[in-house]
Amino acid sequence: MGAAKPVHSDPSIEIKNLHLSFGSVEVLKDLNLEIDKGEFLVLLGSSGCGKSTLLNCIAGLLDVTDGQIFIGGRNVTWEEPSDRGIGMVFQSYALYPQMSVEGNLSFGLKNARIPKAEIATRVARAAKTLQIEPLLKRKPAALSGGQRQRVAIGRALVRDVDVFLFDEPLSNLDAKLRADLRVEIKQLHQTLENTMIYVTHDQIEAMTLADRIAIMKGGKILQLASPNEIYSRPANKYVAEFIGSPTMNFFQGELSDGAFSCAAGRFSTEGYEFANASAGGSAWFGIRPEHIQCGDEAASQPNQLESRVQLVEPLGSDTLARVGVGENQIWVRLDGQAGLKPGDPLTIGFSATLANIFDSTTEERL
């Protein structure tokens, strides 16, 4: 189910049999997870899957019902957040409006009775790392959203901790700022080499930032692997549908004698790596839009279908087209200058080497 983890020393964070309930409602269910020192792990899932709840348990903001949490080999399950050696960045900036940027960065250190010289050193270092040195005398009201979020990250940075927790820190920003800050967070991780756990529902953030991604649903981790592994070899149909935009295309049918048969036709599965050589029965055949060849290029593919264009979405660098194949509607990704229009006939083709096949009952990868 998982991919090889990055090579680091002892696990930085270890979660053992974690369980959390609110009354009769189970939120996290017997969850186990190891996060290596220096790793960037992203918790990804839709709203209500338990990702922020898990982060809050690690931070100590929620008391667990059962299980244990270790940070740096130390059992911190019942320790206060301030004693866990973590820095946390929230979705809301939560800056003190009456204080300058410098005051916001130094406030927690002053309360911890850190010597003034050390505070000045840490604030200067964080400001330089985040490129907010010219902003130190300003108050939050005079900052843009991106600048405020940099200050919020800086407030965690000055704590000089080994573990950083991010709870959807870019959700309140516009698309351009999100893209810019995403790059900065990745560069920050490469510079600091600290352990970072990042919660998001945005798959682009997850794919671009993570060493590994934990896909969550219903309080459980469905797959824990590298971004490439999750994209290319999703463990189940839910993960396959969740990752990718547009989502993976699916045909439902029967698997037998080395072929997949459905209403659209009979597909060769030659080249597909089955986990079980005797796999058969009712199944889903999934293929991503970018793995479908169109027009003349489709002729070289082992599986070919005739379709008709229903909808065209020009995106500049490429074009998305929704096509009808019998009763199926599927997406294909073409060159940006494809020149298609609704109603055009289109031959499409694909190989099973890039497909994903799932059992219809369990929805697990075959």
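Residues are classed by relative accessible area, buried meaning under 20%, exposed over 50% and partly exposed in between, with a 1.4 Å probe and protein chains only. The structure is a predicted model, in which local features need pLDDT of at least 70 and side-chain atom pairs count only at pLDDT 80 or more, whereas totals for chains, interfaces and linings use all residues. Residues are numbered from 1 along each chain as its sequence is written, and side-chain values use heavy atoms, with hydrogens and water left out.

The protein chain has 366 residues, of which 49% are buried. Its C-alpha trace spans about 75 × 45 × 40 Å along the principal axes. The secondary structure consists of eight helices and 20 strands, where helices (H or I, at least four residues) and strands (E, at least two) are DSSP runs numbered from the N terminus. Contact is defined as heavy atoms within 4.5 Å. Of the contacts between residues at least 6 apart in sequence, 67% join residues at least 24 apart.

Nonpolar cores were examined next. A nonpolar core is a set of buried Ala, Val, Leu, Ile, Met, Phe, Trp, Tyr and Cys residues joined through side-chain atoms within 4.5 Å. The largest such core has 45 residues, and those with the most contacts inside it are Val 42, Leu 44, Val 101, Leu 105, Ile 132, Tyr 198 and Ile 215. Helix α4 (residues 145-157) gives the most to this core, contributing five residues. Leaving aside neighbours within four places in sequence, Tyr 198 is in contact with residues including Phe 40, Val 42, Phe 166, Pro 169, Ile 185 and Leu 209. Another core, of 30 residues, lies apart from the largest one and has Leu 33, Leu 55, Ile 71 and Leu 165 among its members.

The structure holds 14 aromatic pairs. Rings of Phe, Tyr and Trp (its six-membered ring) pair if their centres lie within 6.5 Å; planes under 30 degrees apart count as stacked, over 60 as edge-to-face and the rest as tilted. The pair of Phe 260 and Phe 285 is tilted, because the ring centres are 5.4 Å apart and the planes stand at 35 degrees. This pair links distant parts of the chain, with Phe 260 in strand β12 (residues 259-262) and Phe 285 in strand β14 (residues 281-287), 25 residues apart. Both Phe 260 and Phe 285 are buried. Phe 267 and Phe 350 form an edge-to-face pair, at 5.1 Å centre to centre and 85 degrees between the planes. Since Phe 267 lies in strand β13 (residues 265-268) and Phe 350 in strand β19 (residues 345-350), the pair ties together parts that are 83 residues apart in sequence. Phe 267 is buried, with a relative accessible area of 2%, and Phe 350 is likewise buried, at 0%. Ring pairs link Phe 251, Phe 260, Phe 267, Phe 285 and Phe 350 into a cluster.

Two strands pair if DSSP finds at least two bridges between them. An open sheet of five strands has the order β15-β19-β16-β17-β18, with antiparallel pairing. Its edge strands are β15 (293-294) and β18 (328-335), each of which pairs on one side only. Strands β15 and β19 are joined in the antiparallel sense over two bridges, and the bridge partner of Gln 293 in β19 is Gly 349. Pro 345, found in strand β19, is exposed, at 57% relative accessibility. Elsewhere, β14 and β20 pair in the antiparallel sense over four bridges, with Ala 283 opposite Asp 359 in β20.

Backbone geometry was also considered. Most residues other than glycine have a negative phi, and most peptide bonds are trans. The peptide bond from Ser 245 to Pro 246 is cis, with omega near -5 degrees; Pro 246 is found in the loop between α8 (237-242) and β11 (249-256). Arg 113 has a positive phi of about 60 degrees although it is not a glycine, and lies in the loop between α2 (101-111) and α3 (116-129). Gln 131 also has a positive phi, near 60 degrees, and is placed in the loop between α3 and α4. Arg 113 is exposed, with a relative accessible area of 75%, and Gln 131 is exposed, at 65%.
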